[in-house]
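Okay, thanks everyone, I'll keep this brief. Have a look at the model while I talk you through it.

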Amino acid sequence: MTRDITSLGGATVITLVTVVVLGVLLLRGKYALMVLVLASVAGGGLLSTLLKNAFDRERPSHIPHLMEASSPSFPSGHSMLAAVTYLTLGALLGRLTTNRREKYYFLAVAGTIVLLVGLSRMYLGVHYPTDVLAGWSAGVVWAVFCASIARWLQQKGRVEPAESRPG
């Protein structure tokens, strides 16, 4: 069995995607959004770890695992971090444009990635469906919470407003 270092919901890819987005925000001078993205992803990772340790559920043993997994099973960390990261980034990208079709596209891509990550965790035999559902749920709640804070800060003028572009 191999370690899952290339999974879209794994720490390696989540970190790489986050660093790339932070770089784009740095180039655009969106420093407050950089802090929000970093806090969202890092906070989601911390929340995932706390939840896994609190529930300490064993991984499925009645089906073969197609990869190595050693941390507690509930909630699915990959599913949760995918939801936190990709939904937060989809919402962030949506806030950087006024084009409604682009907003929907960003969220649709993010949602598709989140769905595929969760389904892959069950396919690999390392999670029960309830683990994935809990990961998705916690990740969505965290992403919505972070997006709400971003919107509130934007209304207060503490975070840069969306760029004006023709729709």
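Take Pro 129, which counts as exposed because its relative accessible area is 54%. Pro 129 sits in helix 5, residues 129-155.

Some housekeeping. This is a predicted model, so local features need pLDDT of at least 70 and side-chain atom pairs count only at pLDDT 80 or more, while totals for chains, interfaces and linings use all residues. Residues are numbered from 1 along each chain as its sequence is written, and side-chain values use heavy atoms, leaving out hydrogens and water.

Now the overall picture. We've got five helices and zero strands, where helices (H or I, at least four residues) and strands (E, at least two) are DSSP runs numbered from the N terminus. Of the chain's 167 residues, 42% count as buried.

Let's move to helix 3, residues 77-95. Its 19 residues reach 26 Å from first C-alpha to last, close to the 27 Å expected; that expected span is 1.5 Å times one less than the number of residues. Is helix 3 mostly covered or mostly open? Mostly covered: 16 of its 19 residues are buried.

What does helix 3 pack at an angle of about 175° with? That would be helix 4, residues 100-123, with the axes 8 Å apart. Axes here are lines fitted to C-alpha atoms, for helices over the stretch in contact, and angles run from 0 to 180 degrees between N-to-C directions. So helix 3 is roughly antiparallel to helix 4, the cut-off for that being over 145 degrees. Contact, by the way, means heavy atoms within 4.5 Å. Among the residues that meet here are Ala 83, Tyr 86 and Leu 87 from helix 3, and Phe 106, Ala 110 and Val 114 from helix 4.

Last stop, the core. A nonpolar core is a set of buried Ala, Val, Leu, Ile, Met, Phe, Trp, Tyr and Cys residues joined through side-chain atoms within 4.5 Å. The largest one has 25 residues, and those with the most contacts inside it include Leu 25, Tyr 86, Leu 87 and Val 114. Helix 3 gives the most to this core, with seven residues. As for Leu 25, leaving aside neighbours within four places in sequence, its contacts include Leu 33, Val 37 and Leu 92.

Methods:
Buried means under 20% relative accessible area, exposed over 50%, partly exposed in between (1.4 Å probe, protein chains only). Angles under 35 degrees count as roughly parallel, over 145 as roughly antiparallel, 65 to 115 as roughly perpendicular and the rest as oblique.
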